[in-house]
Amino acid sequence: MFDSEFLDSDTAAIQKELRSMKRTFRLGLAACALLSGVIGFSAGTLAAKSQKGSVVVQSVERLPQNLENVPVTSINIPTVAARTQNSVVEIRTESVTNSLFLRQFVTEGAGSGVIISEDGYIVTNNHVIQDARSITVALHDGTTYHSAAGRNGFQNGYRRYQD
């Protein structure tokens, strides 16, 4: 009987200690949440006051019809984009990949490049055409050119495209 009473009182003490620890944990968690809210609100208020009502406005300009007569001082992003859009190309690739079970499948990739010379040299990043078996280049006007890799692949990240 003595052992049973001792165990019951020991269990009761442990349960009381666990309730106390849970209560302390909950109070600490609530205090952290409250402190985080106060700090976040204060930081937001200070940030709003320091901006002094500034507003960011983005405007869109209509491009002039004749880009050749645009003065250098008035060049902006839309003008640069309009002047260079014909030199940017879309590059689509196909490559053959082996799976773990020695099966081959075709993977497709895409990237971009820039025509750097009048005779058709295109510069692109190596990862765009790496291991490609075929490359299709699409110009801004919709014209496409197709090229297949030779024994040595494509040279140095660029290849000349001709009709």
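Of the 163 residues in the protein, 15% are buried (buried means under 20% relative accessible area, exposed over 50%, and partly exposed in between, with a 1.4 Å probe and protein chains only). The model is predicted: local features need pLDDT of at least 70, side-chain atom pairs count only at pLDDT 80 or more, and totals for chains, interfaces and linings use all residues. Residues are numbered from 1 along each chain as its sequence is written, and side-chain values use heavy atoms, with hydrogens and water left out.

The protein contains 3 helices and 5 strands. Their order from the N terminus is α-α-β-β-β-α-β-β. Both kinds of element are DSSP runs numbered from the N terminus: helices are H or I with at least four residues, and strands are E with at least two. Contacts (heavy atoms within 4.5 Å) were also counted along the sequence. Of those with a separation of 6 or more, 44% link residues 24 or more positions apart. The protein exposes about 13800 Å², and carbon and sulfur atoms supply 56% of this area. Accessible areas come from the Shrake-Rupley method with a 1.4 Å probe; for residues, only the protein chains shown count as cover.

The 5 strands form an open sheet in the order 3-2-1-4-5, with antiparallel pairing. Strand 3 and strand 5 are at the edges with a single partner strand each, so one side of each has no neighbour in the sheet. Two strands count as paired if DSSP finds at least two bridges between them. In general, such pairing runs through backbone hydrogen bonds, either parallel or antiparallel. Strand 1 (residues 88-98) and strand 2 (residues 104-115) are antiparallel and share 11 bridges. Within this pair, E94 is opposite E108 of strand 2.

Strand 4 (residues 134-138) is largely enclosed by the rest of the structure, because 5 of its 5 residues are buried. Cover is present on both faces: S134, T136 and A138 are buried on one side, and I135 and V137 on the other. Strand 4 is joined to strand 1 by 5 bridges, in the antiparallel sense. Here I91 has V137 as its bridge partner. Strand 4 is also antiparallel to strand 5 (residues 144-148), again through 5 bridges. In that pairing, I135 faces S147 of strand 5. Strands 4 and 5 make a hairpin with 5 residues between them, and G142 in the turn has a positive phi of about 100 degrees.

S134 belongs to strand 4. Its relative accessible area is 11%, so S134 is buried. Leaving aside residues up to four places away in sequence, S134 touches R92, T93, E94, H146, S147 and A148.

The largest nonpolar core has 8 residues: V89, I91, I122, V128, I129, A132, I135 and V137. Strand 1, helix 3 (126-129) and strand 4 each give two or more residues to this core. A nonpolar core is a set of buried Ala, Val, Leu, Ile, Met, Phe, Trp, Tyr and Cys residues joined through side-chain atoms within 4.5 Å.

V123 lies in strand 3 (residues 122-123). V123 is partly exposed, at 38% relative accessibility.
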